[in-house]
Structures are given as C-alpha cells and as structure tokens.
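I opened the notebook to go through one protein chain, feature by feature. The sequence and structure come first.

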Amino acid sequence: MRLSLLPCAGLHQPKTLRPGFARLCPATTGLRHGFVFLLSVLAVGVIAAATAASLLLLGGAAESTSYTVEQSMQAMEFARSCVERGLQDARSDMAFAGDRSYSWPRGSCRLLQIGTATDSEDVFCAEGRSGLAVRRLEVEVATLYPDVKIRSWNEVKTFTRCPAT
C-alpha cells in the first residue's frame, strides 16, 4: 500500500480518497482536535447549565408546595381549636348556640351555628383559614355532660349538617 501526501489546499480535496492515498495535513490536524474539544466543552456546559436551571426550578416548586402544605395544616389546627373552644363554651353555657369567630396572628376560624343530628345530638361545624387554605370539620357530639362524647369527627368539603349563616 502506497501512501501519498495530498496537498492541504482545503476546498479542492476530494471527500473520498483513492486507495493508497492518505490525507495528512499537519497544519490542520491540531485545529480539528481543538475544534472537537471546544464543541465537547460547550456541550458539557450546556448540559450543566440545563441541570442547574432544573434544580433551581424544582427547588422553587418544592418551597411553594411546602408553604401550601404548612398553611393547610395550620387551617386544620385552627378548625380543631374552634371545635374545642365551642365544646368548652357549650359545657359552660347551656344557651350557647355557636356562631362565633376566633382570630390568631396566622389565621382564623369560625364556628357555625350548632346543628342537630337527632333530638339529643348536636353537630359542631368549624371552618379554619390560614392564607388561602380552608379546612372544614363537622363534629357530631353524643353528650356534653358529665363527659363530652364524640360520635364522629369528620373533615368535609362543604357543610351539610349545620345551618348556613
């Protein structure tokens, strides 16, 4: 096999070589390796930048979600506190009918007018709010005296057992 050196003129070189010829251009071989290295570095840089941007966006989304979950849990605790206060008020005042609101620095709750499940059972409905989160509870109370006995304690989407006020 005979190797011959083709002129390194650039544009006029054939794309395919005839058998026995090899393309040896010492002046441009180093440039090609540098160009390939540059493209590799750029590709790795683009991938790294995309990964960093994705992580930043995911971190922001996770922070937003955790804040929403925190508000939702606070709203539930406000609703529970409202029911507890309503039960205490009902035990201390036989004429207690509900329809009260309570406020805290991070939210509020509202106890609706007490509903009735049967002649002897009352239903306490409470709505807790924190930010945009709203949670609602319906609590069916079997007895208040001598001890409070809860028949059911349910979170609901809308109130069905208490009068609307």
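My entries below go from ground rules to helix, core, strands and salt bridges.

**Ground rules**

I am working with a predicted model, where local features need pLDDT of at least 70, side-chain atom pairs count only at pLDDT 80 or more, and totals for chains, interfaces and linings use all residues. Residues are numbered from 1 along each chain as its sequence is written, and side-chain values use heavy atoms, with hydrogens and water left out.

**Entry 1: helix 1**

I looked up helix 1, which covers residues 26-92. Helices (H or I, at least four residues) and strands (E, at least two) are DSSP runs, numbered from the N terminus.

I checked Phe35, which sits in helix 1.

Is Gln71 buried or exposed? Gln71 is buried, at 12% relative accessible area. Buried means under 20% relative accessible area, exposed over 50%, and partly exposed in between (1.4 Å probe, protein chains only). Setting aside neighbours within four places in sequence, Gln71 contacts Ser130, Gly131, Leu132 and Ala133. Contact means heavy atoms within 4.5 Å.

Met76 is in helix 1 as well. Met76 counts as buried because its relative accessibility is 5%. Not counting residues up to four places away in sequence, Met76 touches Arg135, Leu137 and Glu155. I also noted Gly128: it is 52 residues from Met76 in sequence, but their C-alpha atoms are 5.9 Å apart.

**Entry 2: the core**

Which residues have the most contacts inside the largest nonpolar core? I found Cys82, Val83, Leu87, Phe96, Leu111, Phe124 and Val141, in a core of 18 residues. Helix 1, strand 2 (107-113), strand 4 (122-130) and strand 5 (133-143) each supply at least two residues of this core. Helix 1 gives the most, with seven. A nonpolar core is a set of buried Ala, Val, Leu, Ile, Met, Phe, Trp, Tyr and Cys residues joined through side-chain atoms within 4.5 Å.

Leaving aside neighbours within four places in sequence, Leu87 contacts Phe124, Val141, Leu144, Val148 and Ile150.

I then listed its pairings. Two strands pair if DSSP finds at least two bridges between them.

- Strand 2 runs antiparallel to strand 4, with four bridges. Arg110 has Glu127 in strand 4 as its bridge partner.
- Strand 3 (residues 115-116) is antiparallel to strand 4, with two bridges. Thr116 is partnered by Asp122 in strand 4. These strands form a hairpin with five residues between them.
- Strand 5 is antiparallel to strand 4, with nine bridges. Ala126 stands opposite Leu137 in strand 5. This hairpin has two residues between its strands, and Gly131 in the turn has a positive phi of about 65°.

**Entry 3: salt bridges**

How many salt bridges does a search of the whole structure find? It finds nine. A salt bridge is a side-chain nitrogen of Lys or Arg within 4 Å of a carboxyl oxygen of Asp or Glu.

I picked out Arg106 and Glu70, whose closest N and O atoms are 3.4 Å apart. Arg106 is in the loop between strand 1 (98-104) and strand 2, while Glu70 is in helix 1, 36 residues apart. Arg106 is exposed at 55%, and Glu70 is partly exposed at 36%.

Then I looked at Arg135 and Glu155, at 2.4 Å between the closest N and O atoms. Arg135 is buried at 16%, and Glu155 is partly exposed at 43%.

Glu140 and Arg151 form another salt bridge, 3.6 Å from N to O. Glu140 is in strand 5 and Arg151 in strand 6, eleven residues apart. Glu140 counts as buried at 9%, whereas Arg151 counts as exposed at 52%. Finally, I saw that Glu121, Glu140, Arg151 and Arg161 are linked in a network of salt bridges.
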